[in-house]
Structure formats: structure tokens, C-alpha cells
Amino acid sequence: MVDFLMPDRGDYPAWICFDCGKLYGRARSGVSTYHLGDRCGWCDREIATTQPRDWGYPPAPDKRNA
Ligand SMILES: [Zn+2]
């Protein structure tokens with residue numbers, strides 16, 4: 001499965017989870033696009049995820065998923 005849904009942000013996974021967003025990004029009060037059924041592109045857990053833009057496009061923790 002290929003998840004390059006964001007061609008102008010090629011280094012980003014399509015989805016990151018709340019924990020990764022909170023750890024590496026900037027928490028925002030208005031995050032509202034969580035959904036279930038996708039894996040986090042960073043920690044690979046299948047939990048509630050949202051788009052990296054909701055976290056201000058935080059720098060990736062590492063390239064473990066590359
Ligand atoms: Zn994660």
C-alpha cells in the first residue's frame with residue numbers, strides 16, 4: 001500500500017497519531033480530523049490518527065518508516 005497522498009510534503013506520512021503529534025508537533029486546540037482505520041506513519045500503531053498539517057507539519061522523529 002502506498003500512501004503518498006501529499007505530494008508537496010513527500011517526507012510526511014499521510015497520517016500521524018495523536019501521541020506522535022503531541023510529541024513532535026504543536027498541539028492545537030482545533031484538531032478535529034481524527035479517524036480510525038489507518039496506521040500512524042511514524043509509530044505504526046493503528047490508532048486514532050490525523051493529518052500532519054493539524055500539528056503544523058512537525059519534523060519527523062526519524063526515518064524508521066522510510
Ligand atoms: Zn504515532
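**Exercise 1. Determine which residues C40 touches, leaving aside those up to four places away in sequence.**

Solution. C40 is in contact with W15, I16, C17, C20, R45, I47 and T49. Here, two residues are in contact if their C-beta atoms, placed from the backbone, lie within 7 Å. The structure is a predicted model, in which local features need pLDDT of at least 70, side-chain atom pairs count only at pLDDT 80 or more, and totals for chains, interfaces and linings use all residues. Residues are numbered from 1 along each chain as its sequence is written.

The largest nonpolar core has 7 residues, namely W15, I16, C17, C20, C40, W42 and W55. Such a core is a set of buried Ala, Val, Leu, Ile, Met, Phe, Trp, Tyr and Cys residues joined through C-beta atoms within 7 Å. A residue is buried if 20 or more other C-beta atoms lie within 10 Å of its own, exposed if 12 or fewer, and partly exposed in between, with C-beta atoms placed from the backbone. In soluble globular proteins, nonpolar side chains tend to be buried together.

**Exercise 2. Describe the order of elements in the chain and the share of buried residues.**

Solution. The chain holds 1 helix and 2 strands, arranged β-α-β from the N terminus on. Helices (H or I, at least four residues) and strands (E, at least two) are DSSP runs, numbered from the N terminus. Of the 66 residues, 24% are buried. Among contacts between residues at least 6 apart in sequence, 58% join residues at least 24 apart.

**Exercise 3. Locate R45 and R39, and state whether each is buried, partly exposed or exposed.**

Solution. R45 lies in the loop between α1 (18-24) and β2 (49-50). R45 counts as exposed because it has 12 C-beta neighbours inside 10 Å. Beyond its neighbours within four places in sequence, R45 is in contact with C17, R39 and C40. R45 and I16, 29 residues apart in sequence, are 9.3 Å apart in space, C-alpha to C-alpha.

R39 is also placed in the loop between α1 and β2. With 19 other C-beta atoms within 10 Å, R39 is partly exposed. Residues up to four places away aside, R39 touches D44, R45 and E46.
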